[in-house]
Structures are given as C-alpha cells and as structure tokens.
Amino acid sequence: MIQVTSVTKHYGDTPVLRSVSLTLPNEGVTALIGPNGAGKSTLLGIMSRLQKPDSGQVLIDNLDVHSTDNALLARKLAILRQDNPISLRLTVFELVAFGRYPYSQGRLTDEDTNQINQALGYLNLHSLQHRFLDELSGGQRQRACIAMVLCQNTDYLLLDEPLNNLDMKHAVDIMKLLRRAADELGKHIVLVLHDINFASCYADTIVAMDQGSIAHQGTPDELMTPAIMRDLYGIEMSIQRIQNKPVGFYHL
Amino acid sequence: MSTASQESPAPRIAPPLAVLLLLALMLASLLVGVADLSWAALSDQDWLILLVSRLPRTLALVLCGTSLAVSGLIMQMLVRNRFVEPGTTGTLEAATLGLLLMALFAPGLGVFTKMLVAALCALGGSLLFMALLRAIPLRSMVMVPLVGIMFGGVIGSMTLFIAYRFNLMQSLANWSNGDFSAVLRGRYELLWLTAALTAIAYAAANRFTLIGLGRNLAMNLGLGYRSVMLLGLVIVSLISAVTVVTAGVIPFLGLIVPNVVSLMMGDNLRRSLPWVAWLGAVLVLVCDLLGRLLRYPYEIPIGTVMGVLGSALFIYLLLKRTRPAYV
C-alpha cells in the first residue's frame, strides 16, 4: 500500500504540492490525471524517492521511501520518469539487463536472462536488442526504458507519462500490458496520463490533481463526468459510453 | 532465438591480437634508446641500462597510458559528458597546485605524502567543478568542457603566479608537460598504485555505467549515487596526482581514448573498460616512440607529441559526436 501523508513541495517560492495526502490500494492500475502544472510529476517523483518533499512522508508497504535503503527499495518499487536522456551507447539488451541490477549487480543468472527476454518480448524488442540506443527512434527508446523497469519485477511500478513518443499501436499495447501485469501478477501500477480516455479505459482508480492538491479520487465511472472535467480542465466534454467505458469527447 | 547476451562486436581473436600488439610495442620501447645495447651478448652495463632506465620507462608508459585513459572514461561517466577528462575539469590543475604548495611549504616530505596532498587538492578541485556545473543552468554538451577549461585556467594561473613569485617555474614545467625521459628505477614505482586503482575501477565498472545513465535511472536501480560518485572522483583524483608527480600531464589522452572505444563498442564499461585501458597504453607507447625517433638522438616530450596528435583527433571527434542525430 502506498500512503502519502501531508506532502508539501515548493520550487523556489511557488508551491507545487500543498499538503497532499493520499492512500492508494494494494494492486491495480492507478492513473494520475490533471492539467499541466497540477503537480502530478512532482508527486510521482516524491513517491518514488527521486525527489525529497519539503515536509510530509511517503510510506510504501510501511517503509519510509526517503529513509529506507536504496538498494532494498529498488527491488520493491521501480520508477520511470518522463525524460530519460541517455547519452550512453548501450544496446537495447544491455539497458534492459540493467533492470536486473538490483538483484544480480550485473552478473546475470539464468533467472535474470529469462526476465530480460520476457521483457524484451513483451515490448516487441527482440529484433532490436543488439542495436545501440542512439540508433533508435524516440518511441523505440521509450519502449526499451519501459522494458528495463518491467524486468526489475517490482511490486510497485511508477510511470510518468509512459505513452510519450509512442504511436497509437504501441500506446495501446503498453496499456494492455500494464493491465495484464496488474491482473495476472498482482502488480500495483501508478502512472501519470495525459489522455483521459486511456485512464478511463484501463485504470481501476483515477486520481485527479489540480493546483498542487488532490481534487478527486475514484473509479473512472465516478470521475468521468462533464462537471468534474469542466472543473478540472476548463473545457466542455461530452461523456459517452463506448463498450461500457466512459469516453470523453472534447475535440470540437 | 538465441539469448545472445554477449554478442561481442569484436571478434574472438581480437583480445589475443591486442595483447600481442601491446607486447610488441613494449619490446620496441625497450629496444629504442640512445645507448647502443649489444643484444646478442648483454654486458653488465647493458643490463644496467635495461633495468634502470628502459624497463622502468616502458612500464611507466603503460601504467600512465592505462590509468589516464581509464580516469578520463570515469570522469565522462560522472559528468555525463563526452568531452571531459581530468584535464578539462580542473582536476589536473588542482593536483599541480597541490604539488606546488607542498614544494613551497613542506619540501622535505616524502613523495608519497606530497602525492596524497595533491590528490586531496585534485578531489577538492573536481568537487568544486561539479558544484559549478550544478549552478550553471545551461548545460549544452560543449559548454561543460568549456566551463571546465576556464575553471582549470583560473587554478592554473594561480599556480603560475605562485610559481613565478617563488622561483618554482622549473618544477611547474616538469609537472605540466608529460615527459618520460627522466623516468628511472626508484622514481616511477608510485605509478603501480594506478594499476590498483584501475583494477578497482574495473571491479566497479557496472556502477560507473549506471551513474552514466543519470541520477534518476541510477537511483531507481538501487545505486548509492553519492557514494559511487565519490568513489569515482577519488579514483580520478589519485590517478591524476600520481601521474602528475611521476611523469607530468599528458593532454587529450583521457579524452580521445574513451571516445574512440565508445564509437567502436559502446559504453558498457564492463566490456569497454579493458579496451580503454589497452588503447591508452598503446597510444602512449606509440607517442613516446615517435617522440624518441622523430629527431633521434634527441627527444620530443610525449606531452608535445600527444598535444599535436590529440588536438587533431579531438576536433574530429567534436565534429562527429555533436551531430544533432547523436544527441
């Protein structure tokens, strides 16, 4: 379980998170949504220990992420941030293999190799595995990064806009993959999403943030209403049910 | 589908060939010199020259080349920039300043103590450089070494001023231009320390690759970011101090070698670091041999040969690696 208690964060004088408290369930997919500057990425950064809050604390399975041993946390929780400018010339295989570093410190066991191949397979990367990252497109690199955190095989997986740079096919593939990981392997996945329809179709819980606070938390059915969307994004959205999922239309 | 975890770009015969080439160059380095040795029947005099002068020089070259190239590689991982080496981060300049201060205030102390103080200064200089980088918002790829060169220039002119005022210009010239002609038995053994440091760097190769991936990815994978950063800086500082004390600064080596190896086989240090070490040794041996042969029986210091060769290669790399496609 992830428990966020009174987390506050300022960048300079600007408050980014205003005493955020949040409890997320044990498994399933949780989507963080909200307009630009709502504090989603910062909250994810603090939940994942990469950023320190000004005050407040984050517990994951009752471990304080900011004081627990980093190597231990790396086997419990994986985080992929939005931009991962990798300037190293590594092959896709080498990068994904580093996902096993928390377990094997780089000396791969058979178990590690299995996990790596599985992750490469999930993200359709086998044909690219010996290519250098700097020879790939942005989307292919993004998939390699996702494969890396996937084969870290942690209970908690935090992803900041994982669909960035991806074409529609790969975006859908990854959402399906994450859904499967949650359903079949009992993982808890928290991700920042910009496309509210992906959130609505794949998430169990949606957390909506606005101006550094949690504005709403609930199931897609509870949150996908014209009133909440107007409140959150300031646009008129018509919500329709397609294949029994609420889908927002706001493009006209 | 093969798992093919280690499909090495270099064919399997490459390592033995590489060792052979290195041994051949070392042999050549033993053979070349002003004194004429009668190889058919070595006299006592010949043995003396070989053991006191030629062999130490050759070993010093290999140790220096290896460790300087590796320290450049580590620096590039720590700073996450391809165009840095201890000579463009203020590290070497700080080590030289440390040595100068020791020559001024504690000339009687042993060379090991002096080296340690120089290493501490180098560490301080490198940390200051890292702090400087954090404070400067614009981090374009070429800006980083420029900041480092300016920073090194400031330390360098302080050093120059002190040396000028206290009549130590000659010592300063010895440290700042690499030259192996004065290496003799009893005056290079400190360099073996760099072999140990290179071995430690190899043992920590995966950690340095991870740190090169950046703070976020490295921390996500459970790396103790700060401690690995410090380990890297300590290794680089010690190597810098030892080489400045014994042979003097060899420019560009730490910059060029890791870049060439990176272009050929990538940046997975577990695999590439031995090649960086090898190429460093080979390049230094070649430059030193050139310096000894070009105007035989006189010598051109290796720092000068490397400066000429290195600056040309550096410009080539700069053009090749700052293509927009690469970023």
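Hi everyone! Before we start, some bookkeeping: residues are numbered from 1 along each chain as its sequence is written, chains are lettered from A and ligands numbered from 1 in the order in which they are written, and side-chain values use heavy atoms, leaving out hydrogens and water. Since the model is predicted, local features need pLDDT of at least 70 and side-chain atom pairs count only at pLDDT 80 or more, while totals for chains, interfaces and linings use all residues.

Let's begin with chain A. It has ten helices and twelve strands; these are DSSP runs, H or I of at least four residues for helices and E of at least two for strands, numbered from the N terminus. The radius of gyration of chain A is 18 Å, close to the 18 Å that the globule rule gives for 252 residues, so chain A is as compact as a globular protein of that length. That radius is taken over C-alpha atoms, and the rule is 2.2 Å times the number of residues to the power 0.38. Along its principal axes, the C-alpha trace of chain A spans about 50 × 40 × 35 Å. Of the 252 residues in chain A, 56% are buried, where buried means under 20% relative accessible area, exposed over 50% and partly exposed in between, using a 1.4 Å probe and protein chains only.

Now over to chain B and helix α5(B), residues 143–165. How far should its 23 residues span at 1.5 Å a residue? The answer is 33 Å, and the end C-alpha atoms are 33 Å apart, which agrees. The expected span is 1.5 Å times one less than the number of residues. Buried residues of α5(B) include Val144(B), Val147(B), Gly148(B) and Phe151(B). The buried residues of this helix pack against α2, α3, α4 and α6 of chain B. After α5(B) comes Asn167(B), with a positive phi near 60 degrees.

Phe129(B) lies in helix α4 of chain B. Is Phe129(B) buried or exposed? Phe129(B) is buried, with a relative accessible area of 0%. Among the residues that Phe129(B) touches are Val144(B), Val147(B), Gly148(B) and Phe151(B), not counting residues up to four places away in sequence; contact means heavy atoms within 4.5 Å.

Last stop: α10(B), residues 225–246. Just after α10(B), Gly248(B) takes a positive phi of about 95 degrees.
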